[in-house]
Amino acid sequence: MMTFDANIPNREECNTCALTFAYKEINLLYEVAVTLTSTIDINENIEKAMRRLKQHGYLERCALFRKKEDVDELELLASIDLEPYQKKMASYRFGEGATGLAAKSREPIVIENIHNNINYLNKMGNISTQMVSYVAVPLLQDDEVIGVISANIGKKSPLNFDEIVRMLTIVGSLFVGSLKVQQTITKEKESLTELKTYYKEEMQKDYKFENIVGRSTRMQQVFSMINTVAPTDATILIRGETGTGKELIATAIHNLSRRQNGPFIKLNCAAISETLLESELFGHEKGAFTDAREMRKGRFELADGGTLFLDEIGDITPSLQVKLLRILQEQEFERVGGNKTIKTNVRLVAATNRNLEEMVRKGEFREDLFYRLNVIPINLPPLRERYEDVKLLIEHYLNRFMKEHRKTMHFTKGAMELLLDYPWPGNIRELQNTMERIVLICPDGEIQPEMLSHVLPFNYQKLYMQQPEAPVAMMAPAPTYAAAPSTPPPPAPGGPVTRKSLQELEKESIIQALIDSHGIQTKAARALGMSARQIGYKIKQYGIEI
């Protein structure tokens, strides 16, 4: 007959204790895993998990170290119960102290009594009497040391050293997994940010006003105005003929504004039917009309926090003018078919080629809306009033399309003069399309005037080809110009009218025409019955300063 000591648990009781302990350990690891996903701040989650371990009595103080890049040295990543000055001191070279020795040997280091072991350097200081032992466990990935997790162990820890090493290894692996996920996400965000910056810069190369082709006085005035008003939130009305680059200017305003990181939404009001324009502007609710199968946001809602560019604003109907006026005044609207008021923060830039003042006079455009839109007017000059820019634009688009179509060509002097004298009624858009046709149609090499027969209006070519080949300097004297006196000038004292006096009269006529046209050479040329090329020659000949 066998007897049992009451103080010694039997095998069944030991198995029960072991199962209970295993269950607690698994439950604790589950809590740690859940904690690591509680917030997006991984370091904060790791510290919370360390405190979970401390609450259950597994450790007193814990620290996670990470290996520095390209250096065998450990830096503190996360910890609990350390003061700021202690964290600054907590770094170890490989082989230095118990922590560095764990990294160098790739094996766990256990110090049973930290108070009489030279390997415990106590760089972090502030050891309480409850801290007796120290454990440092290396963290490996692909057979490389990536860090060390360490813990100070108290007298009442429920685990032996083997169990503590196992627990720290598992917890450390969870920490490392979370850190790797964070690093991957961070790198992807950085990559996306770099790509966004790259593509934005690429886009802005075409739309920043510094890169808009134009050196004429009129365009410099436009650039100055853009530079002044772009940083504000004021409503801007861009006015100019078709093809003068209104959309380009609107995009430049957005990119130079405080809203440049917000959306830039565009809508051509003349390109959409009246029935659909309201839905495009304000959006619609599901079932608002026959084809409204789902809710859709409008342009004002999509542009929230950014800029909305409405081209051809003069083409909107009176009913839409009322709704547009309301949103400009109150910054709110309702979707079509809905009754929910939606707030929006949008900077409006509008454009038109129509005479809004005349439309207001006829009652076709609301006067109050006109004043709301016309806070900052920007008037784009037509290309015929930017004679100095025509050659720049020709060369710009020629180079662009030569590169695009892999061709090499250049204009002869006669061909360039033909293009410079053309009035370009379609403005920059016509010039751009013409340059692309020239590159596509003409062969490589020199482009002669006769090669332009398929790209310029026939009547203009015929008129140009019939002009005499005599030099510009031998043209008729100034009395033939509109600005010249209607009667011949009196003879100079002491003799008849000389060539010199006629040239002086011609020079004075050109100067007066330039004054009357505010320095616009093409306008002065028309007043004098000259071409832009001819007046340009005369200005240089007489040394007239503009």
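Two residues are in contact when heavy atoms lie within 4.5 Å, and the model you are looking at is a predicted one.

Begin by selecting helix α8 (residues 274–282) together with helix α10 (residues 318–330), which pack at an angle of about 10° with their axes 11 Å apart. Angles under 35 degrees count as roughly parallel, and α8 and α10 are therefore roughly parallel to each other. Show the side chains of Leu277, Glu278, Leu281 and Phe282 in α8, which meet Leu320, Lys323, Leu324 and Ile327 in α10. Of the residues in this contact, six are nonpolar, two are charged and none is polar.

Next, select residues 387–405, which form helix α13; its 19 residues should span 27 Å at 1.5 Å a residue, and the 28 Å between its end C-alpha atoms agrees with this. Colour the buried residues of α13, among them Leu393, Tyr397 and Phe401. The buried residues of this helix pack against several elements, including α6 (217–229), α14 (413–421) and α15 (427–441). Just after α13, stop at arginine 406, which takes a positive phi of about 55°.

Now turn to the salt bridges, of which the structure holds 27. Select arginine 259 and aspartate 233, whose side chains meet in one of them, at 3.0 Å from N to O. The two residues are 26 residues apart in the chain, arginine 259 lying in the loop between α7 and β8 and aspartate 233 in the loop between α6 and β7. Arginine 259 is buried, with a relative accessible area of 9%, whereas aspartate 233 is partly exposed at 41%.

Finally, select Arg326, Glu330, Glu332, Glu334 and Lys343, which are linked in a network of salt bridges.

Methods:
Residues are numbered from 1 along each chain as its sequence is written. This is a predicted model: local features need pLDDT of at least 70, side-chain atom pairs count only at pLDDT 80 or more; totals for chains, interfaces and linings use all residues. Side-chain values use heavy atoms; hydrogens and water are left out. Helices (H or I, at least four residues) and strands (E, at least two) are DSSP runs, numbered from the N terminus. The expected span of a helix is 1.5 Å times one less than its number of residues. Buried means under 20% relative accessible area, exposed over 50%, partly exposed in between (1.4 Å probe, protein chains only). Axes are lines fitted to C-alpha atoms, for helices over the stretch in contact, and angles run from 0 to 180 degrees between N-to-C directions. Angles under 35 degrees count as roughly parallel, over 145 as roughly antiparallel, 65 to 115 as roughly perpendicular and the rest as oblique. Ala, Val, Leu, Ile, Met, Phe, Trp, Tyr, Cys and Pro count as nonpolar, Asp, Glu, Lys and Arg as charged, and the others, Gly among them, as polar. A salt bridge is a side-chain nitrogen of Lys or Arg within 4 Å of a carboxyl oxygen of Asp or Glu.
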